[in-house]
Amino acid sequence: MEKKILRSSLLCCIVFLLISNFYGSVEAGKRRIEITDDLDDVEDNEEDESWKTWGNKAAAPEFDPPPDFSNMGFDQIQEEMAKRTFAPVVGFVKLRLGVQRTKDMVVDIAMKWTKVLRTGGLGVRFMAVDRSTVMFNMQNGKEVTELREFVLRQEEAYEVKIGKQEFRRPGDPPLDDVVDKLKKSKDDEGGDGNNKNDVTKDEL
């Protein structure tokens, strides 16, 4: 009986020694590798160009000379000048005349255009002036061409005025001709010029 106990305890000791030896070798494999502080001979080839230039002052942009205007038409010259404008831009949009609108309708048009363009990344704000005019201001004049194209695609818009320049869809008559035509048709109908529903004069 004592021999059996002795054998079993001896067997347990051997198993314990084997297990402890095995775990000791695993722990030895997991030891941390120490790196010295002397890194003079180490080459780091993983830096990219943006990391190398990080923190440096940005170089001044090269001068962009204006193009040769001698071979351009008036519209092309205006287009090129608009691309080089960085100052804020203020202008007006004349809505289609002869359409009866309430003040709220014009305010809704201005809000809708503002939201659409801001969603598209253009910093523009439209404000209703009267029942046929919407004013806009844009912080970056460089984007004025995109603004103009957007407005002229809207069915409510008739004309965009930026500074002294007026822009309409191709084939549309000048605004003065449209106003004269509307006045003439009102006179033919027997209306007076001071009609309360005259959309060209009613301010908000």
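Lys112 and Glu156 meet through their side chains in a salt bridge, with 3.2 Å from N to O. Keep in mind that this is a predicted model. Are the two partners buried or exposed? Lys112 is partly exposed, at a relative accessible area of 39%. Glu156 has a relative accessible area of 18%, and the limit for buried is under 20%, so Glu156 counts as buried.

How many salt bridges are there? The count comes to five. Arg168 forms one with Glu159, where the closest N and O atoms are 2.7 Å apart. Lys161 forms another with Glu166, and there the closest N and O atoms are 3.9 Å apart. Glu159, Lys161, Glu166 and Arg168 are linked in a network of salt bridges. Glu159 is buried, at 5% relative accessibility. Arg168 is partly exposed at 26%, Lys161 is partly exposed at 34%, and Glu166 is partly exposed at 44%.

Now look at the strands under that network. Strand 4, residues 157-162, and strand 5, residues 165-168, run antiparallel and are joined by four bridges. Lys161 stands opposite Glu166 in strand 5, and these two residues also form a salt bridge. The two strands make a hairpin with two residues between them, and Gly163 in the turn has a positive phi of about 65°. Five of the six residues of strand 4 are buried, so strand 4 is largely enclosed by the rest of the structure.

What is the order of its strands? The sheet is open, has five strands in the order 2-3-1-4-5, and pairs in the antiparallel sense. Strand 2 and strand 5 are the edge strands, each pairing on one side only. From one strand to the next, the twist averages 25°.

Strand 1, residues 89-95, pairs with strand 4 over five bridges. Phe92 has Lys161 as its bridge partner in strand 4. Strand 1 also pairs with strand 3, over six bridges, and Val90 stands opposite Asn137 in strand 3. Two helices pack on this sheet. Helix 4 touches strands 1, 2, 3 and 4, and its direction makes about 170° with that of strand 2. Helix 5 touches strands 1, 2, 3, 4 and 5, and its direction makes about 160° with that of strand 4.

Two residues of strand 3 are worth a stop. Thr133 lies in strand 3 and is buried, with a relative accessible area of 8%. Which side chain does Thr133 join in a polar contact of 2.7 Å? The partner is Lys94. Leaving aside neighbours within four places in sequence, the contacts of Thr133 include Phe92, Val93, Val106 and Ala128.

Met138 lies in strand 3 too, and Met138 is buried with a relative accessible area of 0%. The C-alpha atoms of Met138 and Val90 are 6.4 Å apart, although the two residues are 48 residues apart along the chain. Not counting residues up to four places away in sequence, Met138 touches, among others, Pro88, Leu122, Val144 and Leu147.

Val144 and Leu147 bring us to helix 5, where both are buried. Helix 5, residues 144-153, is mostly covered, with seven of its ten residues buried.

Last, the inside. In soluble globular proteins, nonpolar side chains tend to be buried together. Here the largest nonpolar core has 23 residues, and those with the most contacts inside it are Val93, Trp113, Phe126, Phe136 and Val151. Strand 1, helix 4, strand 2, strand 3, helix 5 and strand 4 each supply at least two residues of this core. A second, separate core has five residues, including Leu97, Tyr158, Leu175 and Val178.

Take Trp113 as the example from the largest core. Setting aside neighbours within four places in sequence, Trp113 is in contact with Val93, Leu95, Phe126, Phe150, Val151, Gln154, Glu156 and Ala157. Glu156 in that list is the partner of Lys112 in the salt bridge we began with.

Conventions: Residues are numbered from 1 along each chain as its sequence is written. This is a predicted model: local features need pLDDT of at least 70, side-chain atom pairs count only at pLDDT 80 or more; totals for chains, interfaces and linings use all residues. Side-chain values use heavy atoms; hydrogens and water are left out. Buried means under 20% relative accessible area, exposed over 50%, partly exposed in between (1.4 Å probe, protein chains only). Contact means heavy atoms within 4.5 Å. A polar contact is a pair of N or O atoms within 3.5 Å; within protein, one must be able to donate a hydrogen and the other to accept it, and residues adjacent in sequence count only if both atoms are side-chain atoms. Two strands pair if DSSP finds at least two bridges between them. A nonpolar core is a set of buried Ala, Val, Leu, Ile, Met, Phe, Trp, Tyr and Cys residues joined through side-chain atoms within 4.5 Å. Axes are lines fitted to C-alpha atoms, for helices over the stretch in contact, and angles run from 0 to 180 degrees between N-to-C directions. A salt bridge is a side-chain nitrogen of Lys or Arg within 4 Å of a carboxyl oxygen of Asp or Glu.
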